[in-house]
Amino acid sequence: MSAKMNSYGLQLTLLFVLGIIELCSCSPKISQVTINPNCGQYCESSNVTTVYLRTESSTDSLHYVWDFSGKPSVLLAVTIPSAQLEVDWKKFLWGKEESLKFTEAPSYTFGITVLKIYEFNDVNDTGYMDNVRPENINVLHPKHFRWDRKSYSQNNDYFELSMEGTDYKSGSIQRNGTIKVLLNRFWKLDHSDIMPHMLHTENATQIDIIIDNFQTNSSFENSRFAVELLIIADHNLNSTMKIDVKKTLDDEHTPGIFEMVEITTPVCEVVNREEMCDKRIGEGYLQWRPVSYTDAQRDVTNSTEAIHYPLTPVANHAQSANNSLLYSYYGYNIENLLMQKVVVSLGSKGDGFYKKSNYSTWTFTIGYGSPPAEKFSLLVIMIISIGLGLPVVIMVAVGIYVCVRRRCTRSHTLSLNS
Amino acid sequence: MEGGIMESPQRTIESTDSDEAALQGCCGPKKPLYRFLGLALMCLLGFGSYFCYDNPGALQDDFKSDLDLTTSKFVLLYSIYSWPNVIFCFIGGFLLDSVFGIRLGTVIYMGLTLIGQFIFAFGAYTDAFWVMMLGRFVFGIGAESLAVAQNSYAVLWFKGKELNMVFGLQLSFARAGSTVNFLVMEPIYSWVAESYSGYKCIGIVLFLASITCVGSMICAVLLAFMDKRAERLLRRGEGVTPEVVRLTDCKDFKGVFWLVAVVCIAYYVAIYPFIALGKVFFIRKYDYSPAAANNVNSLVYSISAFASPLLGYLVDRLGKNVSWVFISILGTIVAHGLLTFTFVNPYICMITLGLSYSMLASALWPLIALVIPEYQLGTAYGIAQSVQNLGLAVVSILTGMIVDSGGYFMLEMFFLAWLCVSLLATIGIWLSDITTTGGYLNMTPGQREIHDGGCKQVEATEREKLLNSSSTSDLSTDDLLLPHSDIHIRNRYLSRIGANLPAASIGPAYRPLR
């Protein structure tokens, strides 16, 4: 399957016009997806997957680059409409700085890299990783997986890419098992098909990570996994990102989950001890429901928590970002940008640890603009209005009827007696 | 059903001297002591079955490990209890009316409950799951029909004055039975586990639990003797030709009864299935610890244990049952609404829910006794309980699916929709009651007395006329029950000449009997 795909999938351009007429912007958008743009034979031989997704509107272009040649990374850039991506493949595959650039300098960029995957021994079954002793933590480097492109597809709603990381080998350590990553670039505002059915805008990419049947450290009794993300944003070095947990009333789309975690980049930042507010229209964000599913059948009974920890600053930007798309794009300039890390551990107290199901998921979206907020669905509004409206209408009608009838009968009786 | 049955108004004429003495003594069936004793027995009657019903729940972990049960197998122990009762409750109630009579019926149903619990315990003792299932099946048939019999007893003894409170008290005892079970079963299990282990231990524990059923059995027998004595002394039912109860009678039940049945379904599906799933809801939405979530969740039951008799007493004094039902449903809608659309402290929501639920139980169930003649009460309560069981059985399956696909938010919407249905049904009850009886169900006790008194007077005069007059063929039962007035006479005249009667003068089609 994958071999067949490689043969014609390498230099493939999918071009189509999306005539979606949005309420806000009535201009049609042109979206274009290219796998390994202008790479040809070079990438074919070396199992490279770099996907370039470009959406052009009359005012700007939104570019996404998904890369699995180094650490799995996603880069988002906003440019003037005509800008294109240029890759110097030789340098890029060597991980050299500035081997990847846009023909016009972007007005905004935002990116993430899966920095590390942790396996920790949750001795006391707390679900929390922050008080686990160092000897009970193993680090797995995403670069040391073999990343294969399993499939991709597209329709009017999204472009989807399925990747699998296998054959983990780092020095003497070898692990069996798979890390599956499913990426979706959505073309319109909707809920995604897979649980937790995240609401996404037309400016978002959803990343779904599954740690499937992964071999755990044999000396760890109570293994759980955690993912560390590196986040970089085109903001002042002195500013900070913000991680928020929002309570929601509505768990209609993600049954049993009443929270939404958001990492937002600063609109206001302190420059020279003065607060400066950004004039840019939007900013990059990450958003997820704090849930991890423990079975391919994703439902409430097969769910546990995805626990996040505070954002931490990164000391050496270039060193952290090396071997990734982010370093290839930003180069030495990376030191001058806002960069932070976040860890999300999968599992919670009493769920039986990873060994119970050998399956853990985490799903998040990365997007540009402001994070979308859930609204009540049409069904809910209908139930409320009918449920409350009907009794009121009936009671009013009955009230009027009774009044009228009383008046009638009274005059009736009077006439009888008179 | 039309016309009802009439109590003999001259009940003391044939009393013998000894009966007279018994009536006047402190143990007379009309004296508070006698009635109180009866009430206590009536309440204890249900204790055993409610205690044993939740035995598996209280020992859930031990059941699973000792008998090697999966969760789905464990749940079967409850399904086999509820599903058959969708039909058996109705049959049980009908047999109570038509074949057994209340005294024998109660003893038989209590016997079934006891035997069922024995079979269940024996099945556990021999580690035979199918025997356990059989036991639960027999137990279920007995216990649910017993509840019907319990209702009938309460109506027979207390209708008119204290019925609402008695229904409330019975509910409290049911809750008490279930609560005591949850408190004592674990200690009993650990005590037995010192000398036995595995499935034998579970078996012994269940045999011990069946002692409560034996106690209830004794209550049933005592109550039968007391009721027999009361019947003899009060000459209850004398001079009344026994009505033949047929299964087809229920098609003649008044519309109001079916609306009450709709409330029974629509209201209770928004309570029990919610509580079944409530614990996880509180953990998820309000970040409660499992223990705290359990506390909030069980608040409804603990409140109802205390509030039901008190609210029942209130309804007894104030009457106006339909209004109370309406207010209870509104209160429940508010409570569910707060749980759905706000993050208000769930204790406030659950207290509102608990009070509303207790009020509804006290005000709704006696309505059936007001609209159905006494000789069909068993059938009527059986039907109400059957449809309630059906609703709960179906909805319990649905709720699980709703949570999986639409979350707790949609589940709450589902409950709110059902509550709106029950609100509409209540409006329907009120309307049909106003149009048929001038609002008898929503009267205060005083007004009801006047209404009943009026009816009795009319009945007496009409009887006299019936005996004297030779041309009675054109007297409808409605005529017998209506107060005499010039309008009434005019209507009779109009009907004789074949003119249409004004709609307002269509009288009650039934007569409340006590």
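Biologist: How many residues does the contact take from chain B, and how many from chain A?
Modeller: This is a predicted model. Both chains contribute to the contact. It takes 21 residues from chain B and 21 residues from chain A.

Biologist: Which element of chain B gives the largest share of the side that touches chain A?
Modeller: Two elements of chain B give two or more residues to that side: α11 (272-286) and α15 (377-437). The largest share is 15 residues. Those residues come from α15(B).

Biologist: By class, what residues make up the side of chain B that touches chain A?
Modeller: Sort the residues into nonpolar, polar and charged. Two are polar and three are charged. The nonpolar residues number 16.

Biologist: How far apart are the end C-alpha atoms of residues 376-404 of chain A?
Modeller: UniProt, in an unreviewed entry, places the feature "transmembrane region" at these residues of chain A. The span is 93% helix and 0% strand. Its end C-alpha atoms lie 40 Å apart.

Biologist: Are α13(B) and α14(B) roughly parallel or roughly antiparallel?
Modeller: Take helix α13 (residues 321-341) and helix α14 (residues 346-371), both of chain B. Their axes lie 8 Å apart, and the packing angle is about 155°. Angles over 145 degrees count as roughly antiparallel. Therefore α13(B) and α14(B) are roughly antiparallel.

Biologist: How many charged residues are in the contact of α13(B) with α14(B)?
Modeller: α13(B) passes α14(B) in a left-handed crossing. The contact of the two helices has 19 nonpolar and six polar residues. The charged count is none.

How values were computed
Residues are numbered from 1 along each chain as its sequence is written. Chains are lettered from A and ligands numbered from 1 in the order in which they are written. This is a predicted model: local features need pLDDT of at least 70, side-chain atom pairs count only at pLDDT 80 or more; totals for chains, interfaces and linings use all residues. Two residues are in contact if their C-beta atoms, placed from the backbone, lie within 7 Å. Helices (H or I, at least four residues) and strands (E, at least two) are DSSP runs, numbered from the N terminus. Ala, Val, Leu, Ile, Met, Phe, Trp, Tyr, Cys and Pro count as nonpolar, Asp, Glu, Lys and Arg as charged, and the others, Gly among them, as polar. UniProt positions are given in the numbering used here, feature names are shortened, and annotations may be inferred rather than shown by experiment. Axes are lines fitted to C-alpha atoms, for helices over the stretch in contact, and angles run from 0 to 180 degrees between N-to-C directions. Angles under 35 degrees count as roughly parallel, over 145 as roughly antiparallel, 65 to 115 as roughly perpendicular and the rest as oblique. A crossing is left-handed if the near helix is turned anticlockwise from the far one by less than a right angle, and right-handed if clockwise.
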